[in-house]
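Reader: I am new to this one and would like a close look at a single part. Please keep it brisk.

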Amino acid sequence: MASVTTLSKFIIENERNYPEATGEFTAVLNDVVVACKRLSDLVNMGALANVLGAAETENVQGEQQKKLDIISNNVFIESIEWSGHFAGMASEEMEDVYPIPKEYPRGKYLITFDPLDGSSNIDVNVSVGTIFSILRCPDDVEEPTAEDFLRPGTEQVCAGYCLYGSATMMVLTMGAGVNGFTLDRAIGEFVLTHPAMMIPQDTNEFAINASNQRHWEAPVKRYIDELLAGKDGARGQEFNMRWIGSMVGDVHRLLCRGGIFLYPIDEKIKAQGKEGRLRLLYEANPMSFIVEQAGGLSHTGTERVMEVQPHGLHQRVPVLMGSKNEIERLIAYHQEG
Ligand code: P6P
């Protein structure tokens, strides 16, 4: 029988490459894996689990919450808070840092997460996902505050997402490449199915919410107009557009077959007094870590996403990420103004 590489086996075997590794990271990731398995089950049950529809509440972003937003946030907390691996958590669904309850030991990691990204799609059965980012907690900190989370994405030790799609897939990086694991429900394990994922440097596929076209800044308008002009235009080739409305789905696609995912700053966002649409700590940074580790680029238009110095837990940033040669072109257009 062909041997399978489970996620646990993969992590343990990889830790052998790091003499200083304590083996703790296997257990740290296991907490996240259990949370994602539980969420996969809930999401895949859909209406059968009576978890669809809107909650009566708004999150800190002023966005109406879905029942599953709240449930998935609670599932994540319950799966992690007891384990002694984390010193604190921050979530899209919680205004402030979640301190580990006194009855549990504290660990040396911090985690930020979007427990159910794309939840507006959940009621219409379109793929959604969980995004997470892991940082080391500063050595002398017992009770982490928001300040302890406000570190550039270059300080992440691990980032990943779980995509609840036709299959449930966990995609991870710990700074040595990107690997994808598919949930084998027969054995209840994530199994390595997409080793060493790399993003093709060129692409003919782009993802952007085109309804914002009239609000875009000039470099983005120029870039997208050229793609839409196809083979008769400056690019001399045809392009295709996709937009799922779940960052996890759109980014997974470009990881698998190349592409770009764009949520640029625009006049509408600026008029709302925001710095972007997507959240830095638990959407843009973890996805940027993954994209860069897979040979892609992730930029705001003015700087590398992972070099942005955060000033708030729920800060937003512009995101231009994906196939290297296309993002380089878009950055050049921003530099030309
Ligand atoms: P729009 C989902 O709410 C999300 O944060 C990302 O997953 C997704 O890419 C984006 O917002 C969708 O934004 O403007 O299309 O609703």
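Which residues are buried in H5?

Author: First, some ground rules. This is a predicted model, so local features need pLDDT of at least 70 and side-chain atom pairs count only at pLDDT 80 or more, while totals for chains, interfaces and linings use all residues. Residues are numbered from 1 along each chain as its sequence is written, and side-chain values use heavy atoms, with hydrogens and water left out.

Now to H5. Its buried residues are Pro-219, Val-220, Tyr-223, Ile-224, Glu-226 and Leu-227. They cover an arc of only 155° around the axis, so they sit on the same side of H5. The arc is that of the directions from the helix axis to the C-beta atoms. Buried means under 20% relative accessible area, exposed over 50%, and partly exposed in between (1.4 Å probe, protein chains only). Helices (H or I, at least four residues) and strands (E, at least two) are DSSP runs, numbered from the N terminus.

Why can one face collect such residues? An α-helix has 3.6 residues a turn, so residues three or four places apart point the same way.

The face away from the buried side carries Ala-218 and Leu-228, both exposed. H5 has 12 residues, and its first and last C-alpha atoms are 16 Å apart, close to the 16 Å expected. That expected span is 1.5 Å times one less than the number of residues. Just after H5 comes Gly-230, with a positive phi of about 60°.

What lies over the buried side of H5? The cover includes S11, S13 and H9. Here contact means heavy atoms within 4.5 Å.

Follow that cover to H9. Helix H9 runs over residues 324-336. At 1.5 Å a residue its 13 residues should span 18 Å, and its end C-alpha atoms are 18 Å apart, which agrees. Buried in H9 are Glu-326, Ile-327, Leu-330, Ile-331, Tyr-333 and His-334. Seen down the axis, these residues fall within an arc of 155°, so they line one face of H9. On the other side of H9, Gln-335 and Glu-336 are exposed. The buried residues of H9 pack against H5 (218-229), strand S13 (260-263), strand S15 (297-299) and strand S17 (319-322).

S13 leads on to the ligand. S13 and strand S14 (278-279) each supply at least two residues of the shell around the ligand. There are 13 residues around the ligand; of these, Asp-117, Asn-209, Met-247, Tyr-263 and Glu-283 come nearest. A residue is near a molecule or strand if one of its heavy atoms lies within 4 Å of it.

Look at the polar contacts next (a pair of N or O atoms within 3.5 Å; within protein, one must be able to donate a hydrogen and the other to accept it, and residues adjacent in sequence count only if both atoms are side-chain atoms). Asn-209 has a polar side-chain atom 3.0 Å from an oxygen atom of the ligand. For Trp-243, a polar side-chain atom lies 3.2 Å from an oxygen atom of the ligand. In Arg-279, an N or O atom of the side chain is 3.4 Å from an oxygen atom of the ligand. Taken alone, the ligand exposes 400 Å², and the protein buries 81% of that. Such accessible areas come from the Shrake-Rupley method with a 1.4 Å probe; for residues, only the protein chains shown count as cover.

Arg-279 points to one more residue. His-314 touches Arg-279, along with Val-60, Gln-61, Ser-91, Glu-92, Met-94, Glu-95 and Tyr-282, leaving out residues up to four places away in sequence. His-314 is in the loop between S15 and strand S16 (316-317). S15 is also one of the elements that the buried residues of H9 pack against. With a relative accessible area of 18%, His-314 counts as buried. A polar atom of its side chain lies 3.0 Å from the backbone oxygen of Met-94. The side chain of His-314 also reaches the backbone oxygen of Glu-95, at 3.1 Å.
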